[in-house]
Every structure is written in structure tokens, then in C-alpha cells.
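Thank you all for coming; I would like to take a few minutes to walk through one model with you. Please have a look at the sequence and the structure before I go into any detail.

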Amino acid sequence: MTAIRVCDVGPRDGLQNEPGEVPVEAKIALVEALAEAGVPEVEVGSFVDPRRVPRMADTPEVFRRVRRRSGTVYSALVPNLRGAEAALESSADKLAVFASASESFSRRNVNASIAETLARFAPVMELASSRRVPVRAYLSCAFGCPDEGAISPSVVARLSGELLSMGAAEVDVSDTIGVAVPRDVEAVLDAIGPVVPRERTVMHFHDTRGTAVANAWTAIRGGVTILDACCGGLGGCPFAPGATGNLATEDLLYLCERSGVSTGVRLDGVAAAASAISAVLGRRLPSRVLAAIVAAGDCGGPSVHRQDSGAGSSR
Ligand code: MG
């Protein structure tokens, strides 16, 4: 039986751009609920400049207060050496660095060229390696960029190779603006195949145009065994207008469950976690499967879905 590993990046990628305050207790509860549901890896937050990403300023507190489940990997996004030191001080199990496959997006997102970004990673990789902590390397805009349009799969392959040779344990090929369709996923997998072993290939999709589940399925059929998702379909990107909504963890789990792909994650547990954070945020989240579960009344906990969707009537 095929098995995949799901990394829920909701507490970080999902919440980092929330316009309003998200109470630290809600973040802690979200991380704990996801781990409890069996999610093997949770991206807890990021150690970035709080002036740039105010929503992540409480990441050290989340790390300190989360009750950790043995076997779960609690990771953190870090932009540079200082962030990496802080993350290790918080006992992050894994670090994540981020580069872009698009030169103009890189300058807009981190105010540095791709080459400058890679140079910043070197000391992070060194430190992580000395502490035996693995590093994931995101490659954003790997399928397209809001400024440059299409990105060549050969560029993705070259940068992926550089990231691996610098010491990354895995490369996370990310469709930051949600433009990819299955044919693009196949093209990128073909291009990176000779460079990145499949078991070190992660894929990260956004459902901006409704293609995330199709892309995830294509990735799984192509041998990818690690996929990112966000509970409820949380997320977006401030520098990529309209890039709302990561692939929803519930949608991915449903796809896998019904297709004979094992994840080890309980769909109802993730749906309950998403419902709880949905109530805190005061709005419905985009996951279709979550909406179906809530409408069927199978999901415990408070939910704004339930109040405004006439839940139960379509049973
Ligand atoms: Mg994302």
C-alpha cells in the first residue's frame, strides 16, 4: 500500500498572514490537536522579524508551551542564522529555510537575490548539521511567479540540486501562487528526478484555482511521499495577490483515504482542529471536505460553519 507523510503547515503558513490577532492559546491548541490527530509533522511557526511578520512574534511562546507528543516533528521556518539559533533554542526538531525559483519574487519577498538567499543558508545548514537537526528547503514560485509568469522546470532542478548539495534534507517544491496543473507537476518531477531523490522531494500546493487536489494526486502517482497541507485550507501570501488557501489537509486526507493511500492521520481529528481555529478566526475556511463534514454534523467542537450553513439539512 502506498503511504505518504503529511506535513501540516497551517500554524505557520496558514496563520502568518492573518489580518487580526490570533491568541497564542488558539495556536497552541491547534498544534496540539493536529499532533493528536496523528499528523507526523507540524510547522509550528517562524522565527522571522516580528516587524515583518507580526503574527509569528509569539512563536517562541508556542514552542515553549505546546505539550509535545513523542514521534511528532515540530518544525520552524527560519530566514537566517539568527532565526536558526532562536529556533534551536526553542528545541525545534527541524528547520525550514526558504528560497525562490523566481528572481523578482525573491527580491520582493526577502529583498535579496536568489544567490544572496542561498548564501544566507550556508551558516544555517552548518549550525543545523552540527546539532543534527534536519533542514527543509522551500523553493517558492516553482510553478510560476506573479511577476515573471512561468518558471522553467530546469531552473527548479538546478536550484533544487544546489539546495541539496548545501545540506538540505529535503526540497519543498512549492506552487506559491496556485497556478500549477497536473501536467506542470509531471514536468517538474521529470526535471528534478535526476537531481532530487523522490524520498527527499516535498510538494506544496495552493488551491487558488481549484487544482491542488489534482496536483497532489499527480505528485503521489509520480512517487512523491511527502506533501504539505494546511488544516481547513488556511493561508495565503501577502506578496502574491490572490494566492489564497493552501491545499486543505482534510481534502488531501479524504483523497488518500478513498484511494488506498495511507497517511496515519485521522481526518475527523484534523477537521475538529480546523473547526476550532475557524471559530477563533470568525470565518469559514475553504476546505471542501471540512464543509462536507460539518454539514453532515460529524465534526465536534465550535464552528462558524455550523451557524451559517444550515448544517444537517442536507443529510
Ligand atoms: Mg503555502
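This is a predicted model: local features need pLDDT of at least 70, side-chain atom pairs count only at pLDDT 80 or more; totals for chains, interfaces and linings use all residues.

Let me start with A191, which counts as partly exposed because its relative accessibility is 23%, where partly exposed is the range between buried, under 20% relative accessible area, and exposed, over 50%, with a 1.4 Å probe and protein chains only. Residues are numbered from 1 along each chain as its sequence is written, and side-chain values use heavy atoms, with hydrogens and water left out.

A191 sits in helix α8, and here helices (H or I, at least four residues) and strands (E, at least two) are DSSP runs numbered from the N terminus. If we set aside neighbours within four places in sequence, A191 is in contact with P153 and A157, contact being heavy atoms within 4.5 Å.

Which protein atoms are the donors of the magnesium ion? They are D13 (OD), H204 (NE2), H206 (NE2) and N246 (OD1), at 1.9 to 2.3 Å from the ion, where donors are N, O and S atoms within 2.8 Å of the metal (3.2 Å for Na, K and Ca), and sites may look incomplete because water is not among the atoms. Of these, D13 in helix α1 (residues 10-14) and H204 in strand β7 (residues 201-204) link distant parts of the chain, being 191 residues apart. D13 is buried at a relative accessible area of 6%, and H204 is buried at 4%.

Finally, consider helix α5 (residues 103-110), where F105, S106, N109 and V110 are buried. Down the axis of α5 these buried residues fall within an arc of 100 degrees, so they line one face of the helix, the arc being that of the directions from the helix axis to the C-beta atoms. Their cover includes β4 (94-100), α6 (114-130) and β5 (135-140).
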